[in-house]
Amino acid sequence: MKKIIYSFFLMSFAAISHADSYYFEGNIGRYDLDTVNTPTYSGTTSGITFTNLRSDLDYDEDYALGFELGMRINENVRLGISYTDLDLSFEGATVSGSATNGVTTISGSARVTPADANALGLSWDNDADVYMLNAYYDFNNVHTKYIPFVGVGIGQADISNANDDETALSLAAGVNMDLENNMYAGLKLMLTQIDGPTDGLGIPYEDIDVTSLHFMIGYKF
């Protein structure tokens, strides 16, 4: 899948030989992960034995930095390649079943904290590098200065503790405001879904849903 998406990136931009203009924008986003769930899992790996373990993992809200480079195809349509760095800080979990290394055990009898997970040798903290190809439709005739837009995206999420990169899909809506000297500022709300990864211990996860609000500053050239 990774090769297919990278090929789609290249073909999409290679097919556009007459872009009207280009843009570059940086952004800071506030993001929130929905509870990340794991299906029931049993097995032994890296000295940890899991017995019918099912976890509902909660993560802190945090900020993310990113950027996007793109081109305008016509008055309404533009394409962009974006990068976002997500810091996924584990907050706590509700579990059923158990996990033990013979010294420390976590089970559904209590709320699992980051310290509990670390004592067992588990780490549910993650970093994720998200690369997306985005397509936008700008509603240029709504206002002379404010330009609402909607968008869709497809790409890859490289999660630090996952075995493989995972496909990411997104929907976006927002508004840009023209400033002086080809500058613009904007707000964008995004809903992103990342295919459920499998971590280094073999534990599978269900799809990860991320809601984020971004503030952008860009330059058209």
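Tyr 136 is buried, with a relative accessible area of 5%, where buried denotes under 20% relative accessible area, exposed over 50%, and partly exposed the range in between (1.4 Å probe, protein chains only). The model is a predicted one, in which local features need pLDDT of at least 70 and side-chain atom pairs count only at pLDDT 80 or more, whereas totals for chains, interfaces and linings use all residues. Residues are numbered from 1 along each chain as its sequence is written, and side-chain values use heavy atoms, with hydrogens and water left out.

Tyr 136 lies in strand E9 (residues 126–138) and Phe 149 in strand E10 (residues 146–159), the strands (E, at least two residues) and helices (H or I, at least four) being DSSP runs numbered from the N terminus. Phe 149 also counts as buried, at 3% relative accessibility. A pair of aromatic rings is described by the distance of the centres and the angle of the planes. Ten aromatic pairs are present in the structure, the criterion being that rings of Phe, Tyr and Trp (its six-membered ring) have centres within 6.5 Å, with planes under 30 degrees apart counted as stacked, over 60 as edge-to-face and the rest as tilted. For Tyr 136 and Phe 149 the ring centres are 5.6 Å apart and the planes stand at 90°, so the pair is edge-to-face. Because Tyr 136 belongs to E9 and Phe 149 to E10, the pair ties together parts that are 13 residues apart in sequence. Arg 78 lies over the face of Tyr 136, at 4.2 Å from the ring centre, and also over the face of Phe 149, at 5.0 Å from the ring centre; a charge is taken to sit over a ring if NZ of Lys or CZ of Arg is within 6 Å of the ring centre and within 35 degrees of the ring normal. Elsewhere, ring pairs link Phe 24, Phe 67, Tyr 83 and Tyr 131 into a cluster.

The strands that carry Tyr 136 and Phe 149 are both part of a barrel, which eight strands close in the order E1-E5-E6-E9-E10-E11-E12-E13 with antiparallel pairing. From one strand to the next the twist averages 25°, with axes taken as lines fitted to C-alpha atoms (for helices, over the stretch in contact) and angles running from 0 to 180 degrees between N-to-C directions. Two strands are said to pair if DSSP finds at least two bridges between them. E9 and E10 run antiparallel and are joined by eleven bridges, and the bridge partner of Tyr 136 in E10 is Gly 151. E10 in turn pairs in the antiparallel sense with strand E11 (residues 166–178) over twelve bridges; Val 152 has Leu 171 in E11 as its bridge partner, and a hairpin of six residues joins E10 to E11.

Strand E12 (residues 183–194) is joined by twelve bridges to strand E13 (residues 208–220), the two running antiparallel, and Tyr 184 stands opposite Gly 218 in E13. E13 is likewise joined to E1 by eleven bridges in an antiparallel arrangement, with Tyr 31 opposite Ser 212 in E13. Strand E1 (residues 21–33) pairs in the antiparallel sense with strand E5 (residues 62–72) over eleven bridges, where Asn 27 has Gly 66 in E5 as its bridge partner.

Arg 54 is placed in strand E4 (residues 48–59) and, at 30% relative accessibility, counts as partly exposed. Its side chain is joined to that of Asp 56 by a polar contact of 2.8 Å, a term that denotes a pair of N or O atoms within 3.5 Å, of which, within protein, one must be able to donate a hydrogen and the other to accept it, residues adjacent in sequence counting only if both atoms are side-chain atoms. Leaving aside neighbours within four places in sequence, Arg 54 is in contact (heavy atoms within 4.5 Å) with Asn 37, Thr 38, Pro 39, Thr 40, Thr 94, Val 95, Ser 96 and Glu 206. The C-alpha atoms of Arg 54 and Ala 99, 45 residues apart along the chain, are separated by 9.9 Å.

Most residues other than glycine have a negative phi. Ser 46, although not a glycine, has a positive phi of about 50°; Ser 46 lies in the loop between strand E3 (41–45) and E4 and counts as exposed at 63% relative accessibility. Asn 182, also not a glycine, has a positive phi of about 65°, lies in the loop between E11 and E12, and counts as partly exposed at 46% relative accessibility.
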